[in-house]
Amino acid sequence: MGFKEILVGVAGTALFFSCGSAQEKAAEDTATKPNIVIIYMDDLGYGDLSSYGATEISTPNIDKLADGGVRFTNGYATSATCTPSRYGLLTGMYPWRNKDAKILPGTAPLLISTSQLTLPKMLRGQGYKTGVVGKWHLGLGSGSVDWNKHISPGPNEIGFEYSYIMAATQDRVPTVYIENGNVVNLDPNDPIEVSYDENFEGEPTGKDNPEMTTMKWHHGHNNSIVNGIPRIGFMKGGESAKWKDEDMADHFLEKAQSYVKSHKEVPFFLYYAFQQPHVPRTPHPRFVGKSGMGPRGDVILEADWMVGEFMKTLEEEGLVDNTLIIFTSDNGPVLNDGYYDDAVEKLGTHTPAGPLRGGKYSLFEAGTRVPFVVYWQGKVQPMVSDALVCQVDFFSSLASLTGSAALTDDSQNLLPAFLGKEKTGRTELVLEATGRTALRKGEWIMIPPYRGAAKIESVNIEIGNDPNYQLYNLTNDIGQTDNLAESNPEKLEEMIMDYTAIFGEPESKVEEVVLK
Ligand code: NG6
Ligand code: CA
């Protein structure tokens, strides 16, 4: 399908595209079409890598990318949770514009409209082959999915020609792999049923049958038990299709490697979405005990090894200097996200958020500021960049790289910053966490008043709520300990005006964040 055909029926006002314009022509002339790989971690924190200052854990393979590419210190996910961040990355639109862009259950319908322009569609229009391997969590189908039939729409309908995914998260049912819309290894005599409302007659659950679990739930995660791990949601059947948690990382690696091998003759875009270090943390036995920090540290080492193996494949196939690699994470870190897995107990002096305040779910920096690396051997010079950049900007920047003039309202063309040619990025950025928003501008961040609890007790994370305005200078106070809202009323006023221009008057809302 050609780009122009793809654009027919694109909904919404956000898209600017002028077919055959002088601008497009100029872009085509300077375009290069390297392979593009986005390695997307799940819940990896700003301080979780040795290249980002961790001293208690060593991640040499990821560090090789970080030290050999542009390592961003102000690189953000659009959101402090998974689904909205993935939405922002793939659409180039802020997730808070879509009211349904929240953490989705495993039965949720596809969140991205099939008529919407997406990063993979844009790249397809530029002659790329497109694939996704790993965690999806953007919904599937259009209401009620029959997991025993072809599942559509899904990744293949929003621009990926190849998909090998898990539907939602490792802790949510269905616990099966789906290849191009079909559950892998499904026995038709043992059909899969999934519900997020009620259990299936006679099926054990984490709540009622703790004796059948090998991992204990702390909060939530007490529905169906698969491989000894109690999950979110109920599932019945599909025995032969169920994944083995310990093999998941190897399994996705193998799929990513074979995608590369079978597409080496054409420019390809691979969105490789890791499941680590999200819960349940299930390192392969090769990595068990290796970090001394329990499963959370072990799966970070496992992921680092995967990155090394994946890079080896690019090298063996002679693709490494023709492949632009982006490494980043969908949101910040969390220790106890619902299972007793020693993440808290064995943490020692490691600081997953580095110097940042908060964590996953938080409007404080650790929610959205994440490891963020652009690596392109021979093309991008190693450097540390303080430019303000966001994953929502990949859309327009990669369009510019590959000769497309596609832009969205929210996605800025920051290609020079991404390639380390310029040290400045955005001037402003809206950050989102569990439905709340804050505004970053230059070195300042303003969090409007939110009255809900300051902390989610179950995960022990401060999420940024305060009945008063918060204003922090992130250059002087990266840890957000000194609220300057009262002492710097001019700056506060300016930030409120900018925020109001986008959202209207900030209201102090009661926002009890409940994780369920
Ligand atoms: C929460 C889950 C958490 C995790 C998160 C999604 C409970 C109590 N907590 O609701 O464990 O699955 O959703 O994480 O169920 S994310 O990284 O995919 O956004
Ligand atoms: Ca996540």
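Author: In this predicted model, the rule finds 12 residue pairs in polar contact across the interface of domain 1 and domain 2, with both residues of each pair at pLDDT 80 or more. On the side of domain 1 that touches domain 2, the residues divide by class into 15 nonpolar, 9 polar and 5 charged. The interface also holds 1 salt bridge according to the rule. A salt bridge is found between R357 and E462, whose closest N and O atoms are 2.9 Å apart.

The extent of the interface may be described next. Domain 1 contributes 29 residues that are in contact with 30 residues of domain 2. Between the two domains an area of about 2500 Å² is buried, and carbon and sulfur atoms give 63% of this area. The domains themselves are assigned as follows: domain 1 comprises 32-192 + 237-418, and domain 2 comprises 428-510. Taken over C-alpha atoms, their centres are separated by 27 Å.

Salt bridges may also be considered for the structure as a whole, which holds 25 of them. One of these pairs D43 with K360, the closest N and O atoms being 2.9 Å apart. D43 belongs to the loop between β2 (35-41) and α3 (60-68), and K360 to the loop between β16 (339-340) and α8 (365-368), so this pair ties together parts that are 317 residues apart in sequence.

Ten strands form an open sheet with mixed pairing, in the order β8-β7-β6-β5-β14-β2-β15-β17-β3-β18. At its edges stand β8 (182-183) and β18 (383-385); each has a single partner strand, so one side of each is left without a neighbour in the sheet.

In general, most residues other than glycine have a negative phi, and most peptide bonds are trans. H137, in the loop between β5 and β6, has a positive phi, near 60°, in a residue other than glycine. P153 also lies in the loop between β5 and β6 (162-166), and a cis peptide bond with omega of about 0° joins S152 to P153. A further cis peptide bond joins V279 and P280, with omega of about -10°. The place of P280 is in the loop between β14 and α7 (295-316).

Terms used: Residues numbered from 1 in each chain as written. Chains lettered and ligands numbered in written order. Predicted model: local features only at pLDDT ≥ 70, side-chain atom pairs only at ≥ 80, totals over all residues. Heavy atoms only, no water. Domains from an automatic or database assignment. Contact = heavy atoms within 4.5 Å. Buried area = accessible area lost by both parts, 1.4 Å probe. Salt bridge = Lys/Arg side-chain N within 4 Å of Asp/Glu carboxyl O. Polar contact = N/O pair within 3.5 Å; in protein donor to acceptor, adjacent residues only side chain to side chain. Nonpolar A, V, L, I, M, F, W, Y, C, P; charged D, E, K, R; others polar. Pairing = 2+ DSSP bridges. Helix = DSSP H or I, 4+ residues; strand = E, 2+ residues; numbered from the N terminus.
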